[in-house]
Protein chains: 2
Amino acid sequence: MSERDIHANNRVFEKAVADGDVGQIAALLAPDVISLPPDAPTMFGKPAVTGLWAAAIKEHGLTGFAITTDTLDFAGDTAVEVGHAILSMTPLGAARQTAKVKFVVVWKRLNGAWLMHRDIWNADVS
Amino acid sequence: MSERDIHANNRVFEKAVADGDVGQIAALLAPDVISLPPDAPTMFGKPAVTGLWAAAIKEHGLTGFAITTDTLDFAGDTAVEVGHAILSMTPLGAARQTAKVKFVVVWKRLNGAWLMHRDIWNADVS
């Protein structure tokens with residue numbers, strides 16, 4: 001069940017952030033993943049995107065991620081997800097803060113596993 | 001040729017912005033389009049997204065849009081585009097300014113026409 005797989009991936013992602021476990025995040029990424037973080041350059045490939053999440057956790061104090069899926073559409077081995085999320089961050093020496101974002105994630109099924117292929121987000125105000 | 005169609009759509013979008021012609025933009029949108037502009041709520045459906053572009057042109061003085069496609073992947077009647085763009089804006093009473101953005105657009109083929117189905121962008125620094 002593809003839909004269930006992708007929801008399960010999101011739960012793994014949330015747990016990986018809570019655990020500070022970058023390896024679990026890396027396991028969700030396609031080899032040719034592209035991530036487009038706000039106010040930063042586009043990141044191409046699994047090593048670069050893994051590094052992005054490592055920095056989010058280690059440098060920016062990302063400790064929580066709560067993901068809500070709004071729409072999920074399938075086209076063969078491609079799935080397009082629209083959603084929103086709440087991030088919790090505790091930067092070194094600062095108070096815990098939260099940020100609301102909205103996102104589009106494109107998942108690609110490779111050898112039976114749904115992996116993150118495209119990931120972009122920005123600030124939400126809703 | 002689907003790839004050519006999507007590149008042509010981007011040229012129509014650029015010309016529509018240059019001409020301030022919101023109708024031409026609306027013609028590129030799927031009925032169930034979702035647009036996720038930064039620092040704003042998610043916009044659902046063609047009327048809301050058309051209104052977003054009308055406001056960008058009329059209220060924020062958007063006069064130019066130069067779109068570059070970085071990757072374009074097809075899955076049946078779905079296409080996922082990653083790219084970047086330069087926007088030119090001349091807000092009322094202010095000097096002309098430009099902004100660099102990067103984006104993911106998901107196109108959907110409906111009755112033979114490729115229409116914008118998902119659209120999200122954020123600030124670029126590259």
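This is a predicted model: local features need pLDDT of at least 70, side-chain atom pairs count only at pLDDT 80 or more; totals for chains, interfaces and linings use all residues.
Select strand 4 (residues 78-89) and strand 5 (residues 97-110) of chain B: they run antiparallel and are joined by twelve bridges. Now pick B:Met89. Its bridge partner in strand 5 of chain B is B:Gln97.

Select B:Trp107, and opposite, in strand 6 of chain B, you will find B:Met116. Then go to the turn. Two residues lie between strand 5 and strand 6 of chain B in this hairpin, and B:Asn111 has a positive phi near 50°.

Switch to chain A. Select helix 3 (residues 46-58) of chain A. The helix has 13 residues, and its first and last C-alpha atoms are 18 Å apart, close to the 18 Å expected at 1.5 Å a residue. Colour its buried residues, among them A:Leu52, A:Trp53 and A:Ile57. What covers them? Show helix 1 (2-19), helix 2 (22-26) and strand 1 (29-36) of chain A, which are included in the cover, as are strand 2 (43-44), strand 3 (62-75) and strand 6 (113-123) of chain A.

Last stop: A:Thr42, in the loop between strand 1 and strand 2 of chain A. Is A:Thr42 buried or exposed? A:Thr42 has a relative accessible area of 18%, which is under the 20% cut-off, so it counts as buried. Show its contacts, leaving out residues up to four places away in sequence: A:Ile34, A:Ser35 and A:Leu36, plus B:Lys102 and B:Asp124 from chain B. Finally, draw a distance from A:Thr42 to A:Leu110, 68 residues apart along the chain: their C-alpha atoms are separated by 23 Å.

How values were computed: Residues are numbered from 1 along each chain as its sequence is written. Chains are lettered from A and ligands numbered from 1 in the order in which they are written. Side-chain values use heavy atoms; hydrogens and water are left out. Two strands pair if DSSP finds at least two bridges between them. Helices (H or I, at least four residues) and strands (E, at least two) are DSSP runs, numbered from the N terminus. The expected span of a helix is 1.5 Å times one less than its number of residues. Buried means under 20% relative accessible area, exposed over 50%, partly exposed in between (1.4 Å probe, protein chains only). Contact means heavy atoms within 4.5 Å.
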